[in-house]
Amino acid sequence: MPHDEVEVDVVISVPNQGIGLWMLGSFILTFAGTRAITRMIRAGRGPFRDVSVGGTHLHHEVYGIVAMLVSGAIEFAYRPESPGVQILAVLFGAGAALTLDEFALWLHLEDVYWTSEGRKSIDATFLAVAVGLLLVAGFNPFSDVGSGTANHLAFAGLMLVDVAFSVCAILKGKTALGVIGLLVPLVSVVASVRLAKPGSPWARWRYPPGSRRAERAARRYPPDRRTWIDALKDAVGGTPHR
């Protein structure tokens with residue numbers, strides 16, 4: 001007896017159409033290009049110059065803010081399919097890079113781009129890239145896949161512990177490790193049990209002047225301390241004015 005043939009179409013799709021990767025790639029390329037151009041302007045080389053409107057210097061964070069606002073508004077209003085959603089991801093990533101590259105300016109409300117305070121822009125950008133890489137790689141501890149009240153309560157408890165360790169790490173002056181620890185809890189656990197940096201809220205509260213812990217923190221983190229991360233920041237962002 002003949003059997004009816006059944007055709008089955010198999011469709012393989014990439015979750016979220018790789019939106020995170022499009023956004024992260026655009027962020028990294030835009031930041032690298034922006035730093036290359038600003039360093040050329042600083043050295044007086046190449047065709048690029050600062051842009052002024054009516055005598056007011058127009059910082060590139062302005063373009064970044066506009067790009068994020070436009071891409072976000074279009075995404076929420078129209079929810080475009082591919083390739084529109086990838087285009088918006090690229091636009092948002094580029095806007096985020098332009099904005100975070102001048103993070104120190106909107107933090108201090110003055111032009112500190114090439115000063116030591118301006119190095120906070122590099123810190124914020126490195127942190128954004130690290131978090132982006134973890135998210136693209138699939139690190140998502142905030143996804144509750146359990147069922148039942150007991151499992152949900154246990155998950156909520158673990159999240160509270162994770163957040164507590166991250167907050168502790170941030171209070172000890174280790175902001176980057178605290179934020180990364182939200183996605184990789186072991187990082188915040190290690191950072192939270194180690195010595196706090198001098199001047200951090202934790203050190204002000206817990207390390208009285210002249211105490212053994214205050215002296216240890218001062219020896220561990222001297223004012224002129226430099227690491228390979230600082231050398232990398234100089235290579236990427238340019239050496240700041242001292």
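Modeller: The largest cavity has a lining made up of R35, Y113, W114, T115, G118, R119, I122, G237, G238 and P240, and please keep in mind that this is a predicted model.

Colleague: How does that lining divide by residue class?

Modeller: The lining of the largest cavity divides into 4 nonpolar, 4 polar and 2 charged residues.

Colleague: And how much space lies in the largest cavity, and how many cavities does a search of the whole structure find?

Modeller: The space in the largest cavity comes to about 40 Å³, and searching the whole structure gives 1 cavity of 30 Å³ or more.

Colleague: OK, pockets next. How much space lies in the largest pocket, and which residues lie nearest its centre?

Modeller: The largest pocket holds about 1,500 Å³ of space, and of the 34 residues that line the largest pocket, D123, G173, K197, D230 and K233 lie nearest its centre. Two or more lining residues come from each of α4 (103-108), α5, α7 (175-183), α8 (185-193) and α11 (228-237).

Colleague: What about the second largest pocket, how much space lies in it and what lines it?

Modeller: About 530 Å³ of space lies in the second largest pocket, which is lined by 22 residues, with G20, M23, V131, G132 and L135 nearest its centre. At least two lining residues come from each of α1, α3 (84-100) and α5, and α5 gives the most, with 8 residues. By class, this lining has 16 nonpolar, 6 polar and no charged residues.

Colleague: Switching to the helices, at what angle do α1 and α5 cross?

Modeller: The axes of α1 (residues 19-43) and α5 (residues 119-136) come within 10 Å and cross at roughly 155°. Angles over 145 degrees count as roughly antiparallel, and α1 and α5 are therefore roughly antiparallel to each other.

Colleague: Is the crossing left-handed or right-handed, and which residues meet?

Modeller: α1 passes α5 in a left-handed crossing, where G20, L21, L24, F27, I28, F31 and R35 of α1 meet S121, I122, T125, A128, V129, G132, L133 and V136 of α5. By class, that contact of α1 with α5 has 10 nonpolar, 4 polar and 1 charged residues.

Methods: Residues numbered from 1 in each chain as written. Predicted model: local features only at pLDDT ≥ 70, side-chain atom pairs only at ≥ 80, totals over all residues. Heavy atoms only, no water. Axes fitted to C-alpha atoms, helices over the stretch in contact; angles between N-to-C directions. Helix = DSSP H or I, 4+ residues; strand = E, 2+ residues; numbered from the N terminus. Parallel < 35°, antiparallel > 145°, perpendicular 65-115°, else oblique. Left-handed = near helix turned anticlockwise from the far one by under 90°. Contact = heavy atoms within 4.5 Å. Nonpolar A, V, L, I, M, F, W, Y, C, P; charged D, E, K, R; others polar. 1 Å grid on protein atoms, 1.4 Å probe; cavity = no way out; pocket = protein on both sides within 12 Å on 5 of 7 lines; lining within 4 Å. Points joined across faces, edges and corners; volume = space filled by probe spheres on them.
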